[in-house]
Amino acid sequence: MIRDPETLTALLDTVNRFVRERLVPAEAEVAETDLIPHDLVNEMKQMGLFGLTVPEAYGGLGLTMEEEVEVMFAMGQTSPCFRSLFGTTVGIGSQGILFDGTEEQKARYLPKLATGELVASFALTEPDAGSDAASLRTTAIRDGDHYVVNGTKRFITNAPTADIFTLMARTDPADKGASGVSAFIVEAKTPGLSIGKIDKKMGQRGAHTADVIFENCRVPAGQLIGLQEGQGFKTAMKVLEKGRIHIAAICVGVAERMLRDALNYAVERKQFGQAIADFQLVQAMLADSQAEVYAARCMVLDAARQRDEGRNVSTQASCCKLFASEMCGRVADRAVQIFGGAGYLSEYGIERFYRDVRLFRLYEGTSQIQQLVIARNMVREARR
């Protein structure tokens with residue numbers, strides 16, 4: 001589903017050059033300051049990175065899934081925090097509006113999301129609920145022309161800088177299952193909405209998460225996505241299915257970067273009078289990593305193409321997320337091992353990636369959740 005190879009090649013050339021010349025040199029500064037410089041943010045907006053998946057009719061680039069994956073392979077060649085800056089807008093923040101929003105909601109928000117004027121975030125996870133819909137406690141109770149929202153969302157990426165939130169809240173307290181959940185577009189300036197302190201995390205400095213707190217927050221009824229109650233969890237699952245392929249692509253890109261750094265180090269580093277790349281046990285780590293990266297890349301491209309063809313890729317998306325994120329962790333571990341003692345020092349950068357990629361196995365569905373999705377789909381299909 002590459003619609004225009006020449007245009008895509010030009011876009012990828014631009015992204016690769018931006019990554020190589022602007023983002024990679026800024027990695028250490030961002031890791032030190034925990035902030036992405038404003039000039040880099042503005043360049044990302046000008047390049048259209050915030051509008052990758054927004055249709056052209058709304059001012060975006062309207063990439064297919066396969067095209068999006070190719071861009072994420074390129075963005076993965078640098079610190080994941082840079083992708084995270086626009087990733088929530090490109091994926092889970094905007095896609096709920098695109099998939100299930102009314103035409104009025106799309107026209108109001110998508111053009112501003114595409115330019116980066118608005119940053120979107122996705123508010124699903126709670127202190128006691130993530131993948132378990134039955135435990136979702138945030139409520140949105142209808143009161144005239146508004147919904148009154150109460151509850152707390154946790155680990156919300158880009159919450160400190162978000163302008164709008166795609167919120168999942170329970171509109172039917174009596175329904176403890178997924179069908180009682182609805183999706184809303186909540187503007188960050190809405191009275192009653194506040195942001196907690198920025199979380200101190202293991203890695204991905206520069207990408208900020210925080211609690212989002214709703215205290216009698218009055219959300220206009222027109223902000224209910226699709227103006228239909230009870231569809232929120234279905235919207236969330238559609239968004240996450242696409243997001244899982246997106247994250248898997250980032251895992252591939254980052255793994256390629258780590259493996260390349262490890263290979264270059266192994267070729268240059270000498271022990272016992274020869275490059276450590278000539279030692280067979282080091283070669284085994286390099287070879288295993290290369291094989292796994294290649295396998296993950298093929299999986300991601302295949303799933304993306306199937307999705308573009310309109311197929312149900314629930315199982316494939318979870319397979320990609322599971323395999324690619326676990327693969328990325330193994331490559332990170334081997335890369336540190338190849339660097340040896342130097343890999344444990346911050347100046348070489350590989351320990352930063354080691355910490356950064358640990359998150360890939362957790363968000364947008366843990367590895368264990370992916371296993372459940374895959375197995376349940378298999379069993380359901382077998383019983384048909």
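1. A salt bridge here is a side-chain nitrogen of Lys or Arg within 4 Å of a carboxyl oxygen of Asp or Glu. Arg 137 counts as exposed because its relative accessibility is 61%, and Asp 128 is exposed at a relative accessible area of 52%. The classes are buried (under 20% relative accessible area), exposed (over 50%) and partly exposed (in between), with a 1.4 Å probe and protein chains only.

2. Some conventions apply throughout. Residues are numbered from 1 along each chain as its sequence is written, and side-chain values use heavy atoms, with hydrogens and water left out. As the model is predicted, local features need pLDDT of at least 70 and side-chain atom pairs count only at pLDDT 80 or more, whereas totals for chains, interfaces and linings use all residues.

3. A second salt bridge to note is that of Asp 143 with Arg 218, whose closest N and O atoms are 2.9 Å apart. This pair links distant parts of the chain, 75 residues apart: Asp 143 belongs to strand β2 (residues 139-143) and Arg 218 to strand β7 (residues 209-220). Helices (H or I, at least four residues) and strands (E, at least two) are DSSP runs numbered from the N terminus. Asp 143 is partly exposed, at 39% relative accessible area, and Arg 218 is partly exposed at 37%.

4. Glu 292 and Arg 330 also form a salt bridge, their closest N and O atoms being 2.4 Å apart. Glu 292 is in helix α9 (residues 280-308) and Arg 330 is in helix α10 (residues 314-339), so the pair ties together parts that are 38 residues apart in sequence. Glu 292 counts as buried, at 14% relative accessibility, while Arg 330 is partly exposed with a relative accessible area of 33%.

5. The count of salt bridges comes to 23. Glu 27, Arg 257, Asp 261 and Arg 352 are linked in a network of such bridges.

6. Arg 83 lies in helix α5 (residues 80-93). Arg 83 is buried yet has no salt bridge, and the nearest side chain of opposite charge is Glu 364, 5.4 Å away. For charge, Lys and Arg count as positive and Asp and Glu as negative, with His and the chain ends not counted. Apart from neighbours within four places in sequence, Arg 83 is in contact (heavy atoms within 4.5 Å) with Met 72, Met 75, His 246, Ile 247, Ile 250 and Tyr 363.

7. Of the 384 residues, 53% count as buried. Among contacts between residues at least 6 apart in sequence, 74% join residues at least 24 apart. The C-alpha atoms fill a box of roughly 80 × 55 × 45 Å along the principal axes.
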